Amino acid sequence: MADRDVYIAALERKLAELSGIEVDQIRKNQLANAADEARSIQQMADYVSGITVQQVAKAAQPSVINPQIDLIFEHIKAELGENKGEHALPPLQYDYKGLEPHISGLIMEIHHTKHHQGYINNLKAAVSKLDEARDKNDIASVNALFPALKFNGGGHLNHTIFWTNMAPNSSTTSPQPTGDLLKAIDAKFGSFQNFQ
């Protein structure tokens with residue numbers, strides 16, 4: 001544990017030296033960013049709930065549904081294997097604290113359980129309203145849902161990819177790159193150890 005604390009302290013000093021910002025301020029900024037994202041998610045939930053679907057005569061409305069609406073679900077299906085309306089929070093493949101000291105466990109937990117879940121909840125609400133609008137032939141409401149579907153569908157997709165692009169170190173030593181990357185590092189820094 002002492003080695004880990006020394007390592008974390010060294011990282012924090014280096015981070016402060018490079019950024020000019022103390023680590024406590026960075027943590028405060030992370031929490032503020034999390035609060036901003038939460039507000040955006042709530043605003044989109046309010047937007048979706050504010051759309052009123054109506055039974056509309058065909059002549060009184062636009063006749064073309066935005067083709068990008070179906071593309072959103074095609075992308076989600078292709079990337080995540082989820083059908084429209086069957087969206088779910090993927091389990092995290094590591095503990096929330098697994099990326100510390102680089103990313104706070106609290107930030108990871110908020111981001112996974114609140115923000116990502118918020119995108120999913122809003123996406124499901126928008127899909128429900130989309131189905132209702134299509135059933136009632138309310139093309140204006142279908143098209144009005146596009147920003148919510150794009151924002152929340154994209155948030156769900158991006159966050160799912162985000163979780164899988166990170167993993168805790170499986171050991172205390174960094175894996176050494178190979179191939180062209182190692183050659184470029186050696187050319188620029190002399191060795192991987194110098195690069196670190």
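**Reading helix packing and salt bridges**

Buried residues make up 31% of the 196 residues in the chain. The model is a predicted one.

Q: What share of the contacts with a separation of 6 or more joins residues 24 or more positions apart?
A: That share is 74%.

Q: How should I read a pair of packed helices, and which values describe it?
A: Two values describe such a pair: the angle between the axes and the distance between them. Take H3 and H4 here. H3 covers residues 68-80, and H4 covers residues 105-135. Their axes cross at roughly 135° and come within 13 Å. H3 is therefore oblique to H4.

Q: Is the crossing of H3 and H4 left-handed or right-handed?
A: H3 passes H4 in a left-handed crossing.

Q: Which residues make the contact between H3 and H4?
A: H3 supplies Ile69, Asp70, Phe73 and Ile76. H4 supplies Leu123, Val127, Leu130 and Arg134.

Q: How do the residues of that contact divide by class?
A: The contact of H3 with H4 has 6 nonpolar residues, no polar ones and 2 charged ones.

Q: At what angle do H4 and H6 pack, and how far apart are their axes?
A: H6 spans residues 146-164. H4 and H6 pack at about 145°, and their axes are 8 Å apart. The crossing of H4 and H6 is left-handed.

Q: Which residues of H4 and H6 meet?
A: On the H4 side, they include Met108, His111, His112, His116 and Tyr119. Leu123, Val127 and Leu130 are also among the H4 residues that meet H6. H6 contributes residues including Leu149, Phe151, His156, His159 and Trp163.

Q: How many nonpolar, polar and charged residues does the contact of H4 with H6 have?
A: The contact of H4 with H6 has 11 nonpolar, 11 polar and no charged residues.

Q: Where do Arg39 and Asp36 lie?
A: Both lie in helix H2, residues 23-49. Arg39 and Asp36 are 3 residues apart, about one turn of the helix. Their side chains meet in a salt bridge, 2.2 Å from N to O. Arg39 has 47% relative accessibility, so Arg39 counts as partly exposed. Asp36 is also partly exposed, at 38%.

Q: What does Asp70 form with Arg134?
A: Asp70 forms a salt bridge with Arg134, and the closest N and O atoms are 3.2 Å apart. This pair links distant parts of the chain: Asp70 sits in H3 and Arg134 in H4, 64 residues apart. Both residues belong to the contact of H3 with H4. Asp70 is partly exposed at 37% relative accessibility. Arg134 is partly exposed at 28%.

Q: Which parts of the chain does the pair of Asp131 and Lys84 link?
A: Asp131 is in helix H4, and Lys84 is in the loop between H3 and H4. They are 47 residues apart, and the pair links distant parts of the chain. Their side chains meet in a salt bridge, 2.6 Å from N to O. Asp131 is partly exposed, with a relative accessible area of 31%. Lys84 is partly exposed at 32% relative accessibility.

Terms used:
Residues are numbered from 1 along each chain as its sequence is written. This is a predicted model: local features need pLDDT of at least 70, side-chain atom pairs count only at pLDDT 80 or more; totals for chains, interfaces and linings use all residues. Side-chain values use heavy atoms; hydrogens and water are left out. Axes are lines fitted to C-alpha atoms, for helices over the stretch in contact, and angles run from 0 to 180 degrees between N-to-C directions. Helices (H or I, at least four residues) and strands (E, at least two) are DSSP runs, numbered from the N terminus. Angles under 35 degrees count as roughly parallel, over 145 as roughly antiparallel, 65 to 115 as roughly perpendicular and the rest as oblique. A crossing is left-handed if the near helix is turned anticlockwise from the far one by less than a right angle, and right-handed if clockwise. Contact means heavy atoms within 4.5 Å. Ala, Val, Leu, Ile, Met, Phe, Trp, Tyr, Cys and Pro count as nonpolar, Asp, Glu, Lys and Arg as charged, and the others, Gly among them, as polar. A salt bridge is a side-chain nitrogen of Lys or Arg within 4 Å of a carboxyl oxygen of Asp or Glu. Buried means under 20% relative accessible area, exposed over 50%, partly exposed in between (1.4 Å probe, protein chains only).
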